[in-house]
Structures are given as C-alpha cells and as structure tokens.
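Thanks for coming. I have one structure to walk through today, and I will keep it short.

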Amino acid sequence: MLCVMRSPEELSALFRAQGRKITAQRQCIFRVLHGDVSHPTAESIHAAAKAQMETISLKTVYQTLHELSAMGEIAALDLGTGMTRFDPNVDGVHHHLVCRGCGKVRDLHADFSTVTVPSGAAEGFDVGQAEVVFRGRCRECRRARTAPSRRVKVTAKT
Ligand SMILES: [Zn+2]
Ligand SMILES: [Zn+2]
C-alpha cells in the first residue's frame, strides 16, 4: 500500500493519549484530511470542514494542523506554490509532482535512492534522504493550453 495514513479514529486516540483536547471540530478536520491526496492548504481544509460543520474557524484549522505536524502525523510542505501544503502521507519518503500552472501537487512514488550529494559537496552534512520535486504542467493545464484560445472582447472605457 502506497499511501498510509492514520484513520480519524486513530488520530483522535493519539491526541487523547497526549493529553490534547479532542473536539467535534478537530474530529471533523481529521475526517477531511483522511484520504486527501491533494496536499491541501489550510484554507481548502477549512472550506471542506466548514461544509460539514458550519462552526469551524480557520483558527481551529491552523491550530489543529500545527499540532498534527508537531506530532509528525502530517507534513507541512513548502513546494513553491505560494502556500503551505499539508501532506497526511508521512509514511516513508516520497516525492512530488508540482504543476506550475495551477499549483496541483501529487505524490510520486519512485526510487531515487541513487540520488546522492557529490563527494566533498555535503558541507559537513550527514545526508539521510533526498526528496525530489518535479515541476511541470498537469494534464488539465496542458489541455487548457492546447485548446483554441477564446477571444475576449475588450471594451475600452474613455
Ligand atoms: Zn495544473
Ligand atoms: Zn506528498
């Protein structure tokens, strides 16, 4: 199985075990995160959670995401899309495909274990792993590009 993430019930149990508060709002955020492979932003998690529970605030979402990343249950990634992306898939090393057009992020499971730092270039770092980010254009953005461009009528205001 490639994508391993804890179920909402497991996350709730973990939170409780650490003496953290478990609220209906938090459980809703766990449910939203579960199975989300889009590497959502805090804002999109908030939007999805709000659709299920009107009372969820963005602050609660931020707080919960912060705690989950402190616990190592999600990863907060800066993939150059302008916003922090949250990745609930923290089981082992994986890589990312990032669309330059729309900022879409997808997991990439491939073996890049031969990617190494050239000898003498590690600046004293003991390098453990490499995460590779591939940038390009997703299928939708490529389609949008090749579709005949629609004419936009521009009316000049004087
Ligand atoms: Zn795209
Ligand atoms: Zn990922």
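Predicted model: local features only at pLDDT ≥ 70, side-chain atom pairs only at ≥ 80, totals over all residues.

Let us start with helix α2, which covers residues 24-33. Which of its residues are buried? They are Arg26, Cys28, Ile29, Phe30, Val32 and Leu33. In an α-helix there are 3.6 residues a turn, so residues three or four places apart point the same way. Just after α2 comes glycine 35, with a positive phi of about 80 degrees.

Next, the arginine. Arginine 85 lies in strand β2, residues 85-87. This arginine is buried, yet it has no salt bridge. The nearest side chain of opposite charge belongs to aspartate 36, and that is 8.1 Å away. What does the side chain of arginine 85 reach instead? One backbone oxygen is that of glycine 103, at 2.8 Å. Another is the backbone oxygen of serine 38, at 3.3 Å. Leaving out residues up to four places away in sequence, arginine 85 also touches others, including His39, Pro40, Leu77 and Val105.

Last, the surface. Val117, Phe125 and Val127 form a nonpolar patch there, and together they have about 300 Å² of accessible area. Valine 127 sits in the loop between β4 (105-108) and β5 (133-136).

Definitions and conventions. Residues numbered from 1 in each chain as written. Chains lettered and ligands numbered in written order. Heavy atoms only, no water. Helix = DSSP H or I, 4+ residues; strand = E, 2+ residues; numbered from the N terminus. Buried < 20%, exposed > 50% of the residue type's maximum accessible area, 1.4 Å probe, protein only. Lys, Arg positive; Asp, Glu negative; His and termini not counted. Salt bridge = Lys/Arg side-chain N within 4 Å of Asp/Glu carboxyl O. Polar contact = N/O pair within 3.5 Å; in protein donor to acceptor, adjacent residues only side chain to side chain. Contact = heavy atoms within 4.5 Å. Patch = residues over 30% accessible without salt bridge, like charges linked within 9 Å, V, L, I, M, F, W, Y side chains within 5 Å. Areas by Shrake-Rupley, 256 points an atom, 1.4 Å probe, with all protein chains shown as cover.
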